[in-house]
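Please open the model in a viewer and keep a selection tool at hand.

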Amino acid sequence: MRYESFLDSVGGTPLVGLPRLSPSPDVRLWAKLEDRNPTGSVKDRAALAMIRAAEAAGRLRPGATILEPTSGNTGISLAMAARVLGYRIVCVMPENTSTERRELLAMYGAEVVLSPAAGGSNEAVRVAQQMSQHNPDWVMLYQYGNPANAQAHYDTTGPEILADLPTVTHFVAGLGTTGTLMGAGRFLREKVPGIEIVAAEPRYGELVYGLRNLDEGFVPELYDPDVLTTRFSVGPRDAVARVRELLDTEGIFAGISTGAILHAALGVARRAVRAGATADIAFIVCDGGWKYLSTGVYSGDLDDAEDALDGQLWA
Amino acid sequence: MAIEVRIPTILRSYTDGAKTVQAKGDTLADLIDNLEAEHTGLKDRLVENGKLRRFVNLYVNDEDVRFLGGLDAELGDGDSVTVLPAVAGG
């Protein structure tokens, strides 16, 4: 397929069946390969949409500085686009993220400000908001509250899934900014009566929940629970076991957060089998496993893998 | 009817530092009242005006209770309940 530029090649990713992992011919799993985006993650969709929306609104002009709190993939997507389009970019990223993510950000020319590990992305958001106050001319796209994030998935991810799988009964994705689930979820609910929209939320180690008090908790402005049918919390052990299973049975090498999503998708599949229902379950493969190789979790003992991810922002 | 409840670091001051505690209840509301009897002050950190607090997430067997009926969510023997503060992803 031909595109006018690298940026134009965002989206249009394959949806592949998983005949070996699906529990039965009546209950089938389908993987939406979002690693086939320009920088290798689903975040390219939201990042480019947020930049285009800010340009259209006149907020982002040539030579401007973009500021964004990110645990990695959104920053990498924004940094690539910023380099190509001529913006400066500053990313605030928690220090407990994989080294590959930091290296990729640096490679694309992003300036990285590390925020403390305790509190995870909450801290990155807080630090970025402070920096934004001191630099009022910088443009914080703010993926957690930017409608263009969810809109990108309403306009592209959702329609792509429906076009490829008109019989879709379930959509399962990761819950971070909530953009994928809110956007694609809303679209699919409008078009497919009775569809179930299922969130898989990573459950991190205690360090990440190390807030000073509960009032420092964070719910993204984009989040609307009414879009979801249900929401599962998935720990690192299940996520790693599933990401290995995906590789072993279907040959797909995915990032750790995809393991969490697959765990939820398989749970949903089990329920469908028990109910004697027919199901076509589409789920998101957020990125490939390359950025997480340094964690060492793709081989060896599951206990060691769990230990390696303790305190890390692995999704 | 024993239900294991996992307590996050931030609320362990109410459980003498215990990471997990046992409690009883046919519903989540019952369970929280039962917890309160043993760990005074905990209920106020979880519930506000008869609803779950905005920045607290509770899961029954890893499923968010807000999608299982909230405080009316039914519990059974051997279920596990996890309490976590809401944090950002992405």
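## A helix across the sheet

The model is a predicted one.

As background, strands of a sheet pair through backbone hydrogen bonds, in a parallel or an antiparallel manner.

Next, select β3 (residues 65-69) and β4 (residues 88-94) of chain A. These parallel strands are joined by five bridges. To find one pairing by name, pick I66(A), whose bridge partner in β4(A) is I89(A).

Move to Y142(A), which is placed in the loop between β6 and α5 (147-164) of chain A. Its phi is near 55°, a positive value in a residue other than glycine. Most residues other than glycine have a negative phi. Is Y142(A) buried or exposed? It counts as buried, because it has 20 C-beta neighbours inside 10 Å.

## Chain A as a whole

Domain 1 covers 7-36 + 155-303, and domain 2 covers 43-140. Between the centres of domain 1 and domain 2 of chain A, taken over C-alpha atoms, there are 24 Å. Where the domains meet, 19 residues of domain 1 of chain A are in contact with 18 residues of domain 2 of chain A. On the domain 1 side of this contact in chain A there are nine nonpolar, seven polar and three charged residues.

With the cartoon shown, chain A has nine helices and 10 strands. Its C-alpha trace spans about 60 × 45 × 40 Å along the principal axes. A compact globule of 315 residues would have a radius of gyration near 20 Å, and the 19 Å of chain A agrees with this. Of these 315 residues, 57% count as buried. Among contacts in chain A between residues at least 6 apart in sequence, 72% join residues at least 24 apart.

## Where the chains meet

Display both chains and select the contact between them. Chain A contributes 33 residues and chain B contributes 22 residues. On the chain A side, the elements that give two or more residues are α4 (120-134) and β9 (230-234). Which element provides the largest share of that side? It is β9(A), with five residues. By class, the chain A side holds 16 nonpolar, 14 polar and three charged residues.

## Chain B

The C-alpha atoms of chain B fill a box of roughly 40 × 30 × 25 Å along the principal axes. For 90 residues, a compact globule would have a radius of gyration near 12 Å, and chain B agrees with its 12 Å. Of the 90 residues of chain B, 33% count as buried.

## One loop, two residues

Finally, select the loop between β1 (3-6) and β2 (20-23) of chain B, and pick I7(B) within it. I7(B) counts as buried because it has 22 C-beta neighbours inside 10 Å. Although I7(B) and K19(B) are 12 residues apart in sequence, their C-alpha atoms are 5.3 Å apart in space. Leaving aside neighbours within four places in sequence, the contacts of I7(B) include R12(B), T15(B), A18(B) and V83(B).

D16(B) also lies in the loop between β1 and β2 of chain B. D16(B) is exposed, because 8 other C-beta atoms lie within 10 Å, and a residue with 12 or fewer counts as exposed. Its phi is near 55°, a positive value in a residue other than glycine.

Notes: Residues numbered from 1 in each chain as written. Chains lettered and ligands numbered in written order. Predicted model: local features only at pLDDT ≥ 70, side-chain atom pairs only at ≥ 80, totals over all residues. Domains from an automatic or database assignment. Contact = placed C-beta atoms within 7 Å. Nonpolar A, V, L, I, M, F, W, Y, C, P; charged D, E, K, R; others polar. Helix = DSSP H or I, 4+ residues; strand = E, 2+ residues; numbered from the N terminus. Pairing = 2+ DSSP bridges. Rg over C-alpha atoms; globule rule 2.2 N^0.38 Å.
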